[in-house]
Amino acid sequence: MTYEMETVKLSQTIFYYLLCNRELSSEQEPDLYKAYVENEEVMELVKSQGEIADCAVERYGNVIYLLPDISNTSLGYSKAELKRILCRSGATDKDYYLSMFIILTLLAEFYDGQGGRCKSKDFMKMGELQNIVSKRLSEGSTKEEELEHTGLDYQSIKEAFEALKSETKTSRSQSTKEGVINKILNFLENEGLLLYIQEDEMMKTTKKLDQLMEMKLLNKNNYERVMKALGVIKDE
């Protein structure tokens, strides 16, 4: 198919904006948003550029998102990068998988995937998240064989969690449970996914995370995979 040069340039402008900002809203850039939504050729070209860059371009509500594929380490994060960002110095794979488990647990607590409103709560305390992680790991380690199909090594993740000290107050030390969770929450806030109020030890989800969860993760199959991995629901 042959495109007009103006259409090509417009699509490139939109894609470059997405590369720089990861999202494009109708409020911030009404002209670019309108061009994407109302011009099918522009939309096709932007999506095509996304495919070449190992990304998906998706619109939800009045926001267009650039979503790197899981294997995209140029625009996303590699395992090594996430380990460096989320874990303490000298961290092992156990520490990395603990961080992923904490994030997975946080998402499962905020979103129940049921009904018209996918969120099950509007805010959560850090101490509450810590207690839920501890409970899920204890339950999972006692049902290791039953949950073997999930691919999660509950015992190893539990060992990494229990090896951390626990403080009565929120700690910034990476040798404590509170410090590890605090670092994860700060990372999610920097990514625009959480609002983390440290003085109150409280977290809220952002509109961006709410939209991404509804758009990508909370279809029936994905929701059930997450809950089975956490041992919340069983295989039939």
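Colleague: What makes strand 2 and strand 3 a pair, and how do they run?

Modeller: Two strands pair if at least two bridges are found between them. In this predicted model, 6 bridges join strand 2 to strand 3, so the pair qualifies, and the two strands run antiparallel. One of the bridges links Cys 55 to its partner in strand 3, Pro 68.

Colleague: And what sits between those two strands?

Modeller: The hairpin has 2 residues between its strands, and Gly 61 there takes a positive phi near 65°.

Colleague: Let's turn to helix 1. How do you know what span to expect for helix 1?

Modeller: The expected span is 1.5 Å times one less than the number of residues. Helix 1 covers residues 5-21, which is 17 residues, and the expected figure is 24 Å. From its first C-alpha to its last, helix 1 reaches 24 Å, close to that expectation.

Colleague: Which residues of helix 1 are called buried, and why do we say that they line one face?

Modeller: Buried means under 20% relative accessible area. In helix 1 that applies to Thr 7, Ser 11, Ile 14, Phe 15, Tyr 17 and Leu 18. Seen down the helix axis, they fall within an arc of 155°, so they line one face. As a rule, an α-helix has 3.6 residues a turn, so residues three or four places apart point the same way.

Colleague: What do the buried residues of helix 1 pack against?

Modeller: Their partners include strand 1 (23-25), helix 2 (30-38) and helix 3 (40-52).

Colleague: What makes Arg 22 worth a look?

Modeller: Most residues other than glycine have a negative phi. Arg 22 is not a glycine, yet its phi is positive, near 70°. Arg 22 lies in the loop between helix 1 and strand 1.

Colleague: What can you say about Asp 54?

Modeller: Asp 54 also has a positive phi, near 55°, in a residue other than glycine. Asp 54 sits in the loop between helix 3 and strand 2. With a relative accessible area of 40%, Asp 54 counts as partly exposed.

Methods. Residues are numbered from 1 along each chain as its sequence is written. This is a predicted model: local features need pLDDT of at least 70, side-chain atom pairs count only at pLDDT 80 or more; totals for chains, interfaces and linings use all residues. Side-chain values use heavy atoms; hydrogens and water are left out. Helices (H or I, at least four residues) and strands (E, at least two) are DSSP runs, numbered from the N terminus. Buried means under 20% relative accessible area, exposed over 50%, partly exposed in between (1.4 Å probe, protein chains only). The arc is that of the directions from the helix axis to the C-beta atoms. Contact means heavy atoms within 4.5 Å.
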